[in-house]
Amino acid sequence: MASFTLQGIPVSRGIAIGRAHLLRPAALDVEHYLVAQEQVEAEVLRLQAAIAQVHKELQSIWADLPQDAPTELGAFIDVHVLILSDPMVSEAPLDIIRSRHYNAEWALVTQVDELSAQFDEIEDEYLRERKADIQQVAERILKVLTGSANSVPRSDGIDERSANMIVVARDISPADMMQFRDVAFAGFVTDEGGQNSHTAIVSRSLGIPAVVGMGNASHLIEQDDWLIIDSDAGVVIVAPTSLVLEQYRERQVLLQKQRKKLGKLKKTPAITQDGVEVTLLANIELPEDAAHALDAGASGVGLFRSEFLFMERSGQEHKLPSEEEQFEAYRAAVQGMKGRPVTIRTLDVGADKPLDTTEHNILNPALGLRAIRYCLTEPQLFLTQLRAILRASAFGPVKILIPMMAHSFEIDQTLNLIAQAKKELQAESKEFDANVPVGAMIEIPAAALALPMFVKKLDFLSIGTNDLIQYTLAIDRADHEVAHLYDDLHPAILQLLHTIVTTAEKAEIPVSICGGMAGDIRLTRLLTGMGFRELSMPAALLPEIKQAILNTHLENVQPYVKKILRSYEPVVIRETLAAMEMLGQTVH
Ligand code: PEP
Ligand code: MG
């Protein structure tokens, strides 16, 4: 097969080399894991048993049909029995288990997806519609296999081959992405998504090479193709020649060596050459990420995206986590950080992080009932979360961060609910830190422009640049078709950041950045030069940002920063930024 290269949007760092594992949409709804060689025949038997049971079920439905049942009903069951007996359904998935080591559910949906695609090509409408029958039969088998078609994946039974698998999919929702966390995939390639779509965020926090917004990669790449992901360049090389493969392997080794070297900075504080300290924090999605944060040398957690606790619940009919469950998770993160502060962001659902995946008919989800807007319409749900966070504050320093605020009454209502939660806990003699700081995410231009409204009532601010860019430039952060317009150096963004940092400084209220800009090494000198002293990012990016700070002399970068802030010419901004980057490149 001839080698070819695809270009997409880089969303994380590093190089991945492995074989393609294509995931069709349906495949994402079931467990997917690889079974070890010695378990393959047991897995085959499991699927055979499920098929046999469905056979029995269909037969008993036939036998129990009432006398007066419409004749089509019997014919309909006949069709399902025929489909079930067809080797394309009853045999082919067994071959997939044997050849690819997929678990039974995954093998079945893979085969059904392939059959469905073939049916889509059929011109005869009647035959084309039989696709639905195949899917219904498959659902029956899945139900027997799992009790439900949706369930959380397992991380046991995975053999070492998964470490070399690169997942290729049209899109991977944040909830699906969470399913991949325990499986050591080498990389991700998706047709859709943008620089700061939540899928990109999760892959970054996993420190796994990924390229998104690839257009139609999932159609051009075939199962088991060899792939190289060069995620710094946003490039995927399909079926590389052995020479190219060799070159990338060498680069991979080099990168690993550099990473190891950076690891030595773990305990070094991030202080510029002229003595200004910058606090580097980590963004986490689940409590167990606290270990990575510590490992990377983070001074705390600047953003715990708590909504991932709510999303990783497919198969549980979107049952929300109880106060107790949430409390355990927040406490685990707090204790995991060993005395360092943990900023827990309250539920930020909506847009590309729906609580209920069936909610797809919202007109403009990013502008809809999301984050704090949603929480204030569900005060009981919000109170439950606030109580859980407050209770965790008895175990170490906690800050509460509220997403997407824009209105004064949102601040007031939130503070009232926090006061109510405290009162309830007090009455129940439950411990909490009465002085838990409460802060707002500044991620809507209205909030940035009306900052005095926030500084009076809150203890700290944290800028969500991902959304701030989305809303300021009116581009959907998850839509690859407008990804070229996602520009963190747009003068409007730089002016907003400047306004926020200077207003916050005057008001003596701490302000951090927890959006993607904080972890972008191109911007470290600019942001610190503008006055930001707290940056929160995926743990994997922290060591290199620290190195950039150690190599920065803030007084020297000031003239460049001023020039950038005075300019409204993108070319001048970029050239000045590049010149600033070249300043005093001493190596640490
Ligand atoms: C942001 O918007 O920049 C942010 C940090 O929050 P999220 O990416 O989770 O929306
Ligand atoms: Mg946001």
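How many nonpolar, polar and charged residues make up the lining of the largest cavity? I opened my notebook with that one, and the lining divides into 4 nonpolar, 4 polar and 7 charged. For the classes I took Ala, Val, Leu, Ile, Met, Phe, Trp, Tyr, Cys and Pro as nonpolar, Asp, Glu, Lys and Arg as charged, and the others, Gly among them, as polar.

**Ground rules**

I am working with a predicted model, where local features need pLDDT of at least 70 and side-chain atom pairs count only at pLDDT 80 or more, while totals for chains, interfaces and linings use all residues. Residues are numbered from 1 along each chain as its sequence is written, chains are lettered from A and ligands numbered from 1 in the order in which they are written, and side-chain values use heavy atoms, with hydrogens and water left out.

**Cavities**

I searched the whole structure and found 2 cavities of 30 Å³ or more. A cavity here is a set of points, on a 1 Å grid over the protein atoms alone, where a 1.4 Å probe fits but cannot get out, and lining residues have an atom within 4 Å of a point. The volume is the space filled by probe spheres set on the points, with grid points joined across faces, edges and corners.

The largest cavity comes to about 80 Å³. Its lining holds 15 residues, and R305, R345, E443, N466 and D467 are the closest to its centre. I noted that helix 9 (198-206), strand 10 (301-305) and helix 20 each give at least two residues to this lining. Helices (H or I, at least four residues) and strands (E, at least two) are DSSP runs, numbered from the N terminus.

The second largest cavity has about 50 Å³ of space. I listed its lining as I201, R204, N283, R305, N466, C514, G516 and P538, which divides into 3 nonpolar, 3 polar and 2 charged.

E443 sits in the loop between strand 13 (438-442) and helix 18 (445-449) and D467 in helix 20, so the pair ties together parts that are 24 residues apart in sequence. E443 is buried at 1% relative accessibility, and D467 is buried at 2%. Buried means under 20% relative accessible area, exposed over 50%, partly exposed in between (1.4 Å probe, protein chains only).

**Salt bridges**

I counted 27 salt bridges, each a side-chain nitrogen of Lys or Arg within 4 Å of a carboxyl oxygen of Asp or Glu.

D467 turned up again here, in a salt bridge with R477 whose closest N and O atoms are 2.8 Å apart. R477 lies in the loop between helix 20 and helix 21 (491-506), 10 residues from D467. Both D467 and R477 are buried.

I also checked D232 and R13, which meet at 2.5 Å, N to O. They are 219 residues apart, with D232 in the loop between strand 7 (226-230) and strand 8 (235-238) and R13 in the loop between strand 2 (9-10) and strand 3 (15-23). D232 is partly exposed at 34%, and R13 is partly exposed at 36%.

Technical notes:
1 Å grid on protein atoms, 1.4 Å probe; cavity = no way out; pocket = protein on both sides within 12 Å on 5 of 7 lines; lining within 4 Å.
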